[in-house]
Amino acid sequence: MSNRVRSAIRALASDSLQAAPTALWRRLAPKSCVSVCYHLVAQARPSHLKHYAVLDPVAFEADLDYLDRHNGFIDYAALVERRSITSPPRDNRVLLTFDDGFSECATIIAPILKRRAVSGVFFLITDLIDNQALFRENKAALCIDRVLTTPMDVVAAITAELGLTTVRAQASSQPLFGHISKSALELAALEASDPRRWPLLDWLLTEASNRTEALDALCERLGVQPDAYLAAAKPYLTREQILELHANGFTIGAHSCTHRQLSDLSPEEAEREIVESCRAVQAITGQEKVPFAFPYFGGWLDRRWLAALRDRYPVIGLFFDTDGLREDEPFIVQRVFGERFTRDSTLELILRRAWGRPAAWKRRVS
Ligand SMILES: [Zn+2]
């Protein structure tokens, strides 16, 4: 067989596997846990999250109906139990998780889950608890709104000062804030704007959250007042809300202190982000173990280093990451994003694509 034919067959097989329904995948490559990661469920996008693919409560409940029908749910304790045995049941049960600690976890998500008697893990950025600071990405989101209405000459001056001359392909699925893509709605808004605004918008969507000083200076220049916004909107969970979530049977996890990409930090700093945020959650809830979700992506972190860290600090529970349905070390749980960050508009399509990746087929335990 010629190489061309062989690669054509391979492409065809890959395409048809991508199209295989999850009913088939659940039997072909069953999982001891399918973990799904959401951030926010809200009726409308708040200004600080204008650029996230926010699910409304109706869409979220439809996801829960789907998962209830096809998978069923487990809680964190059951997952810990499964990770401690050699042949856990491979029944594709789902563990729901929610990252970043937005207040809607307590006001919208938890009441829905409680009504359905479904548990979940809420991963908090511990420096934001009690609305002590506005998260960099949320500051950038507020600036984007302002840039769209700021006079062009001011935008041009700022763009020149920041040395921004190019904009990467503006319409594709470029990563937003490191891990998610722009929504169609947001792209439409950006593309409708004067193209001369694009370099600054692009910078805000991709680079700004790593340029703290420049972002703060830009807030001032644009008249964005992070402290006033924080006080008025109170976007993050409070200590009281966290205690109530815990009292209602939910697991509280840590998502670092400052939400920086851990592989960009020194090992000492990364260790501090993990250990101190787990301790901060433990100090509030009294949990013996606190699961930890890597900000953005933890795939570049040395697994032996992570294992040693768990040995040294018993407060650290299981680690959670965002590499789909790939099976990792037993102490690392990979997750699929539940939000519509790509063209896949339903959870069935999202899970189909996640299961269609060859990485999802290999078993780490029997
Ligand atoms: Zn996050």
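## Burial and packing in the chain

Buried residues account for 40% of the 366 residues in the protein chain. The model is predicted. The protein chain holds 15 helices and 9 strands. Of the contacts in the chain between residues at least 6 apart in sequence, 76% link residues at least 24 apart.

**Strands**

Two parallel strand pairs can be described in some detail. Strand β3 (residues 121-124) pairs with β6 in the parallel sense, over 4 bridges. Within this pairing, F123 has G253 of β6 as its bridge partner. Strand β6 (residues 251-254) is covered on both faces. T251 and G253 lie on one side of β6, I252 and A254 lie on the other, and all are buried.

The second pair is formed by strand β7 (residues 290-293) and β8, which run parallel and are joined by 3 bridges. A293 has F320 in β8 as its bridge partner. In β7, V290 and F292 point one way while P291 and A293 point the other way, and all are buried. In a regular strand, side chains alternate between the two faces of the sheet. Strand β8 (residues 316-321) is mostly covered too, with 6 of its 6 residues buried.

**Helix pairs**

| Helix pair | Angle between axes | Axis separation |
|---|---|---|
| α6 (residues 136-149) and α9 (residues 198-206) | about 165 degrees | 9 Å |
| α5 (residues 104-115) and α12 (residues 239-247) | about 25 degrees | 10 Å |

Helix α6 and helix α9 pack at an angle of about 165 degrees, which means that α6 is roughly antiparallel to α9. Their crossing is left-handed. On the α6 side, the contact involves A140, C143, I144 and V147, which meet L200, L201 and L204 in α9. By class, the residues of the contact of α6 with α9 are 7 nonpolar, no polar and no charged. In an α-helix there are 3.6 residues a turn, so residues three or four places apart point the same way.

Helix α5 and helix α12 pack at an angle of about 25 degrees, so α5 is roughly parallel to α12. The crossing of α5 past α12 is left-handed. C105, A106 and A110 of α5 make this contact with Q241, E244 and L245 of α12. The contact of α5 with α12 divides by class into 4 nonpolar, 1 polar and 1 charged residues.

**Helix α15**

How many of the 10 residues of helix α15 are buried? In helix α15 (residues 347-356), 7 of the 10 residues are buried, so α15 is largely enclosed by the rest of the structure. The buried residues in α15 are L347, I350, L351, R352, A354, W355 and G356.

Notes. Residues numbered from 1 in each chain as written. Predicted model: local features only at pLDDT ≥ 70, side-chain atom pairs only at ≥ 80, totals over all residues. Axes fitted to C-alpha atoms, helices over the stretch in contact; angles between N-to-C directions. Parallel < 35°, antiparallel > 145°, perpendicular 65-115°, else oblique. Left-handed = near helix turned anticlockwise from the far one by under 90°. Contact = placed C-beta atoms within 7 Å. Nonpolar A, V, L, I, M, F, W, Y, C, P; charged D, E, K, R; others polar. Buried ≥ 20, exposed ≤ 12 C-beta atoms within 10 Å, placed from the backbone. Pairing = 2+ DSSP bridges.
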